Amino acid sequence: MNTLLQNEPAIRLTVFLGVLTTMAMLELAAPRRRLEIPRIVRWSNNLGLVVIDTILVRLFFPVAAVGMAIIAAQNGWGLFNMVSLPAGLVVLVSILLLDLAIYVQHVVFHFVPFLWRLHLVHHTDQDFDVTTGLRFHPLEILVSMAIKLAFVVLLGVPAVAVLVFEIALNATAMFNHANIRIPARVDQALRFFIVTPDMHRVHHSVRPVETNSNFGFNLSWWDHLLGTYRAQPEDGHDKMGIGLAQFRSQRDQGLDRMLLQPLLGGGSTRAKGLMCAGDADIAILPRLRKRFQPVQATDWITVEELSKLMETDNAPVIIDVREPDEFGGPMGAIPGSRNVPLGVLLDQLPEPEKDVSIVLVCRTDKRSAKGASLLKAVGFSGISILKGGMRQWCNR
Ligand SMILES: [Zn+2]
């Protein structure tokens with residue numbers, strides 16, 4: 001155990017380079033998908049980010065998690081340092097709890113707007129390969145480190161458990177982001193225990209409802225147990241879009257852009273992110289209210305009807321009345337839609353055009369209904385409202 005701790009830097013570096021090289025070679029030998037962005041662009045920038053992250057962690061944290069675990073043990077801090085249990089059991093339980101904590105932390109980073117701004121940099125990668133697993137904004141790394149240190153102290157996690165977990169997480173993150181083809185049967189068997197690349201790729205889908213699933217990094221159990229598991233992407237692994245709807249150019253893969261994306265990205269809120277996955281209870285209130293305040297003489301259009309109409313020559317003008325940060329959030333936007341927030345709707349609209357139908361969209365239905373009355377008041381006709389709004393669109 002002590003030799004493990006003494007050789008910590010060498011072990012970490014060996015595992016990191018070993019897994020990185022192995023995955024990179026497997027990606028060349030048996031790739032799962034064709035990459036869209038040249039490898040040199042993404043690799044240089046993603047790995048550049050790793051270098052910045054490593055330097056900043058060293059600068060900001062004089063003591064890393066293993067060091068903190070040793071200090072906690074010496075001072076008797078934390079639960080496991082106060083009770084006497086078999087050492088092996090404590091190590092095992094600690095590793096399981098650390099993995100659960102990482103899962104919960106990941107869910108929270110998707111839920112909380114400020115944290116999502118940091119975490120979205122991991123999701124703006126338009127391809128999915130071994131370097132995606134290393135791509136995190138420096139601020140996310142620093143926040144995660146602080147959370148991990150607090151967790152280690154509170155729980156009194158043994159140093160060896162921290163080390164084993166950190167090395168395992170580093171290795172599995174590279175494995176489950178790797179662009180490698182694993183036979184379906186092997187993938188299925190592995191998924192009973194660990195997160196496979198096919199399982200985690202679903203989490204990198206451009207579809208918000210898929211982005212907000214499969215949060216696990218090591219063990220696949222937490223997603224199964226806590227109801228966030230999604231087996232396959234709706235569009236299939238070959239055709240599915242990877243990344244976020246608002247960052248779609250190769251330029252977005254630049255290191256400078258990645259560092260700025262938390263400011264550019266638009267905050268997610270629960271409403272824009274996870275709420276997409278299922279918030280029937282919250283939706284009841286607006287639905288009841290609408291029943292008592294019907295929007296008169298305005299047509300409703302369902303998601304199915306709109307999708308069909310968009311493929312015809314009579315495609316409507318789609319006006320999304322959400323705020324710009326919602327428009328750019330992980331809930332995404334309908335392709336071709338114009339973002340004109342409700343507050344500036346009347347200022348920014350052209351003169352009413354004949355024979356052009358307008359579809360208003362917001363998160364649910366409420367603001368669209370207001371927008372429809374505003375537009376009608378100034379002479380527009382042919383206005384419909386997307387039933388269920390973006391929430392419905394995301395679940396289509
Ligand atoms: Zn994520």
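Colleague: Why are helices H2 and H9 called roughly parallel to each other?

Modeller: In this predicted model, the axes of H2 (residues 8-29) and H9 (residues 159-176) cross at roughly 15°. Angles under 35 degrees count as roughly parallel, so H2 and H9 get that description. Their axes come within 9 Å, and the crossing of H2 and H9 is right-handed.

Colleague: Which residues meet where H2 and H9 come together?

Modeller: From H2 there are Glu8, Ile11, Arg12, Val15, Phe16, Val19, Leu20 and Met23. On the H9 side they meet Leu163, Ile167, Asn170, Ala171, Met174 and Phe175. Sorted by class, the residues of this contact of H2 with H9 are 11 nonpolar, one polar and two charged. Glu and Arg count as charged, and Glu8 and Arg12 both belong to the H2 side.

Colleague: What makes the contact between H7 and H15 a right-handed crossing, and at what angle do the axes cross?

Modeller: A crossing is right-handed if the near helix is turned clockwise from the far one by less than a right angle, and H7 passes H15 in that way. The axes of H7 (residues 113-123) and H15 (residues 255-264) cross at roughly 145° and come within 8 Å.

Colleague: How do you know which residues of H7 and H15 meet?

Modeller: The cut-off is C-beta atoms within 7 Å. Arg117, Leu118, Leu120 and Val121 in H7 meet Met258, Gln261 and Pro262 in H15. The contact of H7 with H15 has five nonpolar, one polar and one charged residues.

Colleague: Where is confidence lowest in the protein chain, and where is it highest?

Modeller: Helix H16 (residues 280-292) is lowest, at a mean pLDDT of 36, while helix H11 (residues 197-201) is highest, at 97. Over residues 267-297, pLDDT stays under 50, and the model has 47 contacts beyond four places in sequence for them. The protein chain averages a pLDDT of 85, and 88% of the residues score at least 70.

Key. Residues are numbered from 1 along each chain as its sequence is written. This is a predicted model: local features need pLDDT of at least 70, side-chain atom pairs count only at pLDDT 80 or more; totals for chains, interfaces and linings use all residues. Axes are lines fitted to C-alpha atoms, for helices over the stretch in contact, and angles run from 0 to 180 degrees between N-to-C directions. Helices (H or I, at least four residues) and strands (E, at least two) are DSSP runs, numbered from the N terminus. Angles under 35 degrees count as roughly parallel, over 145 as roughly antiparallel, 65 to 115 as roughly perpendicular and the rest as oblique. Two residues are in contact if their C-beta atoms, placed from the backbone, lie within 7 Å. pLDDT is the predictor's confidence in each residue, from 0 to 100.
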